[in-house]
Amino acid sequence: MQVTQTLSQGLKHEFKVVLPAGDLAAKLESQLVELRGKAQIKGFRPGKAPISYLKKIYGKGIMSEVLQEAVNEANRKIVEDNSLRVAMEPRLDFPTDQSEVEKALEAEGDFSYSVAFEVLPAIELGAFDDIAIERPIAEVSEEEVQKAISDLADRIREFEDKEGAAAKGDRVTIDFTGKLDGEPFEGGTGGDVNLVLGSGSFIPGFEEQLEGAAKDEQRVVKVKFPDDYGVPTLAGRDAEFDVTVKAVAGPKELPIDDAFATKYGFESLAELTFAVRGNLEADYAKASRAKLKRSLLDALDKKYSFELPEGLVAQEFDTIWSQLEAERKRSGKSFEDENTTEEAAREEYRKIAERRVRLGLVLAEIGQGAGVTVEDKDVTDALVERVRAFPGREKQVWDYYRNNPQALAQIRAPLYEERVVDHLVAKISVTDKTVTKEELLAAEEDDDLAQPAA
């Protein structure tokens with residue numbers, strides 16, 4: 001094998017490789033000898049078929065496998081000999097001259113090709129004591145706990161028919177027909193629908209216009225669909241609903257006591273209250289962790305600057321862009337609707353792809369240097385949680401991940417990332433900052449896109 005480096009520029013390395021015909025012929029001969037001992041060839045006793053005959057019948061097929069193995073082995077040797085930290089699969093350029101390929105397949109000529117590697121950058125991590133961030137925290141109030149318990153009560157509250165006008169908190173049973181420009185639209189009709197006024201179940205403004213309505217009363221409800229409504233043909237449109245109130249029912253009293261708690265599987269109201277508070281505190285802790293992590297990632301993004309493998313960035317951009325295109329197709333929105341252009345959007349998401357790749361490389365380097373690992377048990381536990389999200393298909397989902405290493409890696413990657421974040425939090429300066437519930441739970445608009453590449 002002859003290897004000549006033709007390019008060494010930044011993270012890009014290219015090589016010209018020549019696989020001598022003699023080496024390929026020797027490997028072919030070895031394969032044919034092995035085949036002769038196994039093959040049952042009509043007209044020949046077992047193991048007695050001439051090599052020349054086997055070569056004529058099977059030569060090209062075997063040689064194609066020999067070539068593939070030789071190319072793979074050559075690429076592995078190039079990586080080892082040059083101590084390359086490869087970022088992704090190499091790009092291979094094979095001969096365009098078909099006659100050269102044919103000669104190689106006949107073991108009568110050398111086989112040459114070019115291989116291009118893109119390598120990972122060297123990252124000087126340094127110390128992390130210059131990173132200082134705030135961790136937002138919020139206390140769970142007694143009012144929030146009681147509100148959560150009240151919501152639990154509303155889920156199982158019973159109603160009884162009442163005379164007179166419907167008020168907020170009452171349940172109305174309605175038939176309705178929605179119209180756009182005077183014409184009924186698909187999906188806008190319903191019958192015998194139960195709606196608790198004030199629940200926010202329908203689009204904004206709908207429920208309020210039914211307050212004061214009585215049984216058998218007909219009303220025209222005028223609303224505007226939200227701009228971000230899930231059905232593109234309805235988003236931002238004005239609509240009218242012809243509504244008939246068929247029944248009005250008021251909520252029955254439901255004492256919040258030990259008996260109520262038993263309906264949710266608890267022995268007492270105190271036990272239920274403790275569990276509700278614990279769930280709220282867990283939600284707050286999760287939100288606090290997410291914001292701490294986002295601040296840490298922002299700090300790392302500012303701290304490190306280095307050349308990025310173009311292939312990884314392009315791969316990450318394509319993933320992001322395909323998701324955005326699918327969402328844009330689903331919503332029916334154009335670039336103009338979002339006050340941008342395709343060119344500007346591509347530039348913006350290219351920067352996001354660069355950030356994700358940069359952070360992914362930094363976290364991987366930190367984790368490797370710190371000896372961060374993820375135990376198989378942790379992966380199994382996370383997989384169990386994933387499987388539970390598919391009731392009735394548990395075995396199918398379990399088998400899919402267990403038989404698909406790449407899919408299982410998608411379970412392991414976020415676990416590894418969280419371990420690295422834990423390691424970093426212990427190294428940096430973190431100050432707790434008390435904030436309101438609303439501030440803590442407010443979602444970052446681009447939080448998912450700002451995460452590292454897996």
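Author: Of the 454 residues of the protein chain, 35% count as buried, where buried means under 20% relative accessible area, exposed over 50% and partly exposed in between, with a 1.4 Å probe and protein chains only. This is a predicted model, in which local features need pLDDT of at least 70 and side-chain atom pairs count only at pLDDT 80 or more, while totals for chains, interfaces and linings use all residues. Residues are numbered from 1 along each chain as its sequence is written, and side-chain values use heavy atoms, leaving out hydrogens and water.

The protein chain has twelve helices and eleven strands; these are DSSP runs numbered from the N terminus, with helices being H or I of at least four residues and strands E of at least two. The C-alpha trace spans about 100 × 60 × 50 Å along its principal axes. The radius of gyration of the protein chain is 33 Å, while a compact globule of 454 residues would have one near 22 Å; the radius is taken over C-alpha atoms, and the globule rule is 2.2 Å times the number of residues to the power 0.38. Among contacts in the protein chain with a separation of 6 or more, 71% join residues 24 or more positions apart, a contact being heavy atoms within 4.5 Å.

Now to the helices. Two packed helices are described by the angle between their axes and the distance between the axes. Take α7 (residues 310–331) and α8 (residues 342–370): their axes come within 8 Å and cross at roughly 125 degrees. Here axes are lines fitted to C-alpha atoms, for helices over the stretch in contact, and angles run from 0 to 180 degrees between N-to-C directions.

Which residues touch? From α7 come L312, V313, E316, F317, I320, W321 and L324, and among their partners in α8 are A345, Y349, I352 and V357. By class, this contact of α7 with α8 has twelve nonpolar, no polar and six charged residues; Ala, Val, Leu, Ile, Met, Phe, Trp, Tyr, Cys and Pro count as nonpolar, Asp, Glu, Lys and Arg as charged, and the others, Gly among them, as polar.

While you are looking at α8, find R358, which lies in this helix. R358 counts as buried, at 15% relative accessibility. Leaving aside neighbours within four places in sequence, R358 is in contact with D301, Y304, F306 and L308.

The axes of α4 (residues 142–156) and α6 (residues 269–303) come within 10 Å and cross at roughly 110 degrees, which makes α4 roughly perpendicular to α6. Here too the crossing is right-handed. E142, E144, V145, A148, I149 and L152 in α4 meet L272, T273, V276, R277, L280 and Y284 in α6, giving eight nonpolar, one polar and three charged residues.

Methods
Parallel < 35°, antiparallel > 145°, perpendicular 65-115°, else oblique. Left-handed = near helix turned anticlockwise from the far one by under 90°.
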